[in-house]
Amino acid sequence: MSYRRSGAGIVIILMIIAVFGAQAKDAKNAPPSEKIPSGAKVFVAPIADGFDTFLKDAVAKKKVPVELVASRDQADYEISGTAESQKAGAAKKIIFGNWHSREEASITVSNIKSGEVVWAYSVHEEASTHGKRSSAEACAKHLKEAIESK
Amino acid sequence: MQSKTRFVSLLLIALTVSFATYSARAWSQAEDKSAQGQSTAEAKAASDIKSAPSDEGQLATVNNAKIPAYAKIYVAPMPGGFENYIIAGLRNKKVPLTVMVDRSKAEYEISGVSESEKAGWAKMLFIGSQQSNEQASIKVSDLKTGAIIFGYSVHKGNSVRGRQSAGEACAKHLKQVVID
């Protein structure tokens, strides 16, 4: 009788281990469920050509529901990226009659604690009316949409 | 009596020498076989790299390797900050991967090179195009085994959206080897 009990106990323990093992395996490749919460503390890392300054301004202008902090230690999320601006050359002005600059930027928002990239966006404007300001505002607008849509 | 002992000792020496020769030959044959097997395996691995032409680039997969969905991937820094465009492309093309900022937490790594050339006055004048010339090449490696499991290169003579287009092309083709 005692053998039967101990046998059943071993079977139950093995089943529990199997269930938890399967859950752990699933959790390893689970889809990222993290969203940027409204009011999250965000640090904007320095970006080439001072694009971070334009981005901070755009975040405020577009009323993105995040709190910008000056120090990375105080932040929950970090915005990093790259940007490139090219002024219209003589050929572009003469042949196409276009004085506007060419703007390119790409930003990523990552969770500082988990190290996971939670959002990313890239923008390209062949003839940007307001230069870097336009591309920064595009980034901010889409970030706002991403936060508010969740 | 003495001759009998000498005969036995000679026989023993002959047996020992023949045994030693045989074992040495067998050892060298085994080494040759293993070397042949290794070279065959290498040749097989090289033949398993399949190249498939796509609309604007070349894609290569090794042994039809696949990346599990939501695997943790790290995108290494590339010239001109192209890694940011790849991450944005992965999100835009809805590639089911989790991008990590920390390499030590990742299972796979994307590394590569990219080059962007703006349209010059001659291109604008003769072709009437002000779009840039983009080229990029990426590879995905398994950080545990060190094996390269995916490679892709893209070239766009007139990229409508510059590096963004190249980054999205890389992401689109990477999606093909991710098991959803």
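Predicted model: local features only at pLDDT ≥ 70, side-chain atom pairs only at ≥ 80, totals over all residues.
1. Start with the contact between the chains. Chain B contributes 28 residues and chain A contributes 25 residues. On chain B, at least two residues each come from H2, strand E5 (97-100), helix H3 (121-127) and helix H4 (162-174). H2(B) gives the largest share of that side, five residues. By class, the side of chain B that touches chain A has 14 nonpolar, eight polar and six charged residues.

2. Look next at Ile87(B). This residue sits in helix H2 (residues 82-92) of chain B. Ile87(B) has 28 other C-beta atoms within 10 Å, and 20 or more make a residue buried, so Ile87(B) counts as buried.

3. Which residues does Ile87(B) touch, not counting residues up to four places away in sequence? In chain A they are Thr108(A), Val117(A) and Ala120(A). In chain B they are Val75(B) and Val99(B). As for Thr98(B), eleven residues from Ile87(B) along the chain, the two C-alpha atoms are separated by 9.9 Å.

4. Now the core. The largest nonpolar core has 57 residues. Those with the most contacts inside it are Leu55(A), Cys139(A), Ile73(B), Ile86(B) and Cys170(B). H2(B) supplies the largest share of this core, six residues. In soluble globular proteins, nonpolar side chains tend to be buried together.

5. Leaving aside neighbours within four places in sequence, Cys139(A) is in contact with Leu55(A), Ala58(A), Ala105(A), Ile107(A), Tyr121(A) and Val123(A). Leu55(A), one of these partners, is also listed among the residues with the most contacts inside the core.

Conventions: Residues numbered from 1 in each chain as written. Chains lettered and ligands numbered in written order. Helix = DSSP H or I, 4+ residues; strand = E, 2+ residues; numbered from the N terminus. Buried ≥ 20, exposed ≤ 12 C-beta atoms within 10 Å, placed from the backbone. Contact = placed C-beta atoms within 7 Å. Core = buried A, V, L, I, M, F, W, Y, C linked by C-beta atoms within 7 Å. Nonpolar A, V, L, I, M, F, W, Y, C, P; charged D, E, K, R; others polar.
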